Amino acid sequence: MCGIVGYIGNNAVADVLLDGLKSLEYRGYDSAGIALNDNGGLDVFKAGGKLNNLFEVVSSNALKIKKPTSGIGHIRWATHGKATIQNAHPHLSNDGKLVLVHNGIIENYKELKAELEQEGFVFNSQTDTEVAVHVIDREYRKGCSLEQAVRQGVSLLSGAFAFCIMHKDEADCIIAVRKNAPLIIGLSDDENYIASDIPAVIGKVKKIIYLNDGEVAVVRKNNVEVTDLSGNLLNKKVEEIGFNPEVISKHGYKHFMLKEINEQPDILRKVLAQHIKASDLPVNLGQVKLKLDWQRIENISIIACGTSLHAAMVTKYVWENWLGLPVQIEAASEYIYRKNTTGKNSLVIGISQSGETADTITAVKQAKEKSAQVLIVTNREDSSIVRYADSVLPLEAGIEISVAATKSYSAQLLAMYWLGLYVAEQKKTLQPAELGKIKQEMLELPAKMEEVLSNAENIKSVADKLQAYKSVIYIARGSNQASALEGALKLKEISYINANGYAAGELKHGPIALLDENMPVIAVLAQGETYAKMLSNCEEVKARNAKLIAVTSVKDKHADNLFDDILRVPEIREDLSPLLLNIPLQLLAYYLADGLGREVDQPRNLAKSVTVE
């Protein structure tokens, strides 16, 4: 879950690398570093903590930096070894001639380290990455070229990795190699780039090459050559970048998270315009090609992690009602380590915003091996998970920069809603009149979202009242159980307040012991068959003197005296309510975290793409 950049060309190399790392800052924050190759030696600069610390180190050494023609950079999210300068990348060989940066985990590093130490190699860090440096250096010392040394060295490594590698004596190239970790090559005139993700090269190049697993790229200023691990030359497809520099601009918002929350109505409008053109027309697949045999499907499993898992939970509730099919929800990290009943009559849906979530990739790969049909729901059609898909459902939410997922969550929900309606039409599990009602309310969602966003000041005032509390409980029933879990997740992610979500009926089976005047409770309510029971649960909360806040679409005068504060959204049917009720929860978390002075876009200990298991 680290960010890698590489550059070879005529521009100011240090500035290019730092700018690229800034665009990848959502991938790591523990430490950062760059290595510059000036044709006479390697200069390495590192700093602990946030990327700004590296900017200061490089600035203070500006007079010492010669005129490098190439360089590699790294921003780290720690896996092996603490977040120290010693463990920061880039890592050097013992003779100081070979340097590399790494994203991923080397699973057999302990065995290799013991072997290398016996041969006299000295380790200066606690990382698994340093093993790769010495393994490749050992091959180079045998008289290989750098390209050959990389190819032979990585063949000894197990795990996931993306590397950028330079050598003092071969200053005209950077070697890039990947296995189960993302890496792209950006192409331009008289300069080329390497990066973990597109934001690092947006505005710099218009064409890119996506490296696949087991591919090695030799990147020079004027050309790029890609081979497999056996050295066979590959004819790689060159693709146009579909993004412009505006997508990584805050557009005047204080944080990317606030910008992305406010983008949600437009994202919904764009997607609805493609798939639900009117309440009395069938769902339109548009450019989506569903190569699925629905008649064969007897059960559905949805596999995901984090926020995507909450989208899966909403989908289970809605699809079982709409389609009459059993839907099982799986945390990808658990699915991959147990026996399961996935088979040829199963539909397995993998949901991943980035498409690079390691656990989810492994899970859908296993499902594919068991002959299940696989549908991937992702915001990145260029991502690694797509290679295991029979069909892909793109979210079309645009690049999400803030670590906390907001617009991608709404896009996931909307995608599963319109797909569910499409299947209901094909299987005739909903009556035409009911289908029309659902579609009409979906078409009204963007305007209703805008109404909620226009009342942000009211949400901020409630957030201000919560700043003094150390813990918060969220409760809900029905389709909004996932809303409670997602609201709690957002709050703890960015404010560091201990927040937990519960099915409201479970309060009296344990969590109610936590309730007193120091434990605020946020109740998420929508009109439906559990509404009356939900009010009873809220009465139980109130009886324990807890501060009680409602987030609701229900206009009920009888409930007004029950709650200390009410955050209202426009009325909406229960099965669609998670899309609307989630907006106040996102804003509540945002304003609370901002009021506490937290790093909203880059919360501690988190990274945007979890590319390691």
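Among contacts in the protein chain between residues at least 6 apart in sequence, what percentage join residues at least 24 apart? I looked this up before anything else. The share is 71%, where contact means heavy atoms within 4.5 Å.

**Entry: ground rules.** I note that this is a predicted model, in which local features need pLDDT of at least 70 and side-chain atom pairs count only at pLDDT 80 or more, while totals for chains, interfaces and linings use all residues. Residues are numbered from 1 along each chain as its sequence is written, and side-chain values use heavy atoms, with hydrogens and water left out.

**Entry: the whole chain.** I looked up the secondary structure and found 17 helices and 24 strands in the protein chain. Helices (H or I, at least four residues) and strands (E, at least two) are DSSP runs, numbered from the N terminus. The radius of gyration is 26 Å, close to the 25 Å that the globule rule gives for 613 residues, so the protein chain is as compact as a globular protein of that length. That radius is taken over C-alpha atoms, and the rule is 2.2 Å times the number of residues to the power 0.38. Along its principal axes, the C-alpha trace spans about 80 × 55 × 45 Å.

Next I checked burial. Of the 613 residues in the protein chain, 60% are buried. Buried means under 20% relative accessible area, exposed over 50%, and partly exposed in between (1.4 Å probe, protein chains only). The protein chain exposes about 23,600 Å², and carbon and sulfur atoms supply 46% of this area. Accessible areas come from the Shrake-Rupley method with a 1.4 Å probe; for residues, only the protein chains shown count as cover.

I also looked up the charges. There are 68 positive and 76 negative charges, and their mean positions are 1 Å apart. Lys and Arg count as positive and Asp and Glu as negative; His and the chain ends are not counted. The place of a charge is NZ of Lys, CZ of Arg, CG of Asp or CD of Glu.

**Entry: strand S15.** Strand S15 covers residues 299-304; 5 of its 6 residues are buried, so S15 is largely enclosed by the rest of the structure. I looked up its pairing, where two strands pair if DSSP finds at least two bridges between them. S15 pairs in the parallel sense with strand S17 (residues 346-352) over 5 bridges, and Ile-303 has Gly-350 as its bridge partner in S17. S15 also pairs in the parallel sense with strand S16 (residues 327-331), over 5 bridges. Here Ile-302 stands opposite Ile-329.

**Entry: an open sheet.** I traced an open sheet of 6 strands, in the order S5-S6-S7-S8-S12-S13, with antiparallel pairing. Its edge strands are S5 (91-92) and S13 (224-228), each of which pairs on one side only. Within the sheet, strand S6 (residues 98-106) and strand S7 (residues 159-167) run antiparallel and are joined by 9 bridges. Val-99 has Met-166 as its bridge partner in S7. Pro-90 lies in the loop between strand S4 (70-76) and S5. I noted a cis peptide bond between His-89 and Pro-90, with omega about 0 degrees.

**Entry: strand S10.** How many residues of S10 are buried? I found 5 of its 5 residues buried. Glu-191, Tyr-193 and Ala-195 lie on one side of S10, Asn-192 and Ile-194 on the other, and both faces are covered. Strand S1 (residues 3-8) pairs with S10 in the antiparallel sense over 4 bridges, with Tyr-7 and Tyr-193 as bridge partners. S9 and S10 also run antiparallel, joined by 5 bridges; there Leu-187 has Asn-192 as its bridge partner. S9 and S10 form a hairpin with 2 residues between them.

**Entry: two positive phi values.** Asp-190 is in the loop between S9 (184-188) and S10 (191-195). It is not a glycine, yet its phi is positive, about 60 degrees. Asp-190 is partly exposed, with a relative accessible area of 44%. Ser-371 is in the loop between helix H10 (358-369) and strand S18 (373-378). It is not a glycine either, and its phi is about 75 degrees. Ser-371 is partly exposed, with a relative accessible area of 44%.

**Entry: Val-386.** I placed Val-386 in the loop between S18 and strand S19 (391-394). Not counting residues up to four places away in sequence, Val-386 touches Thr-378, Arg-380, Glu-381 and Val-392.
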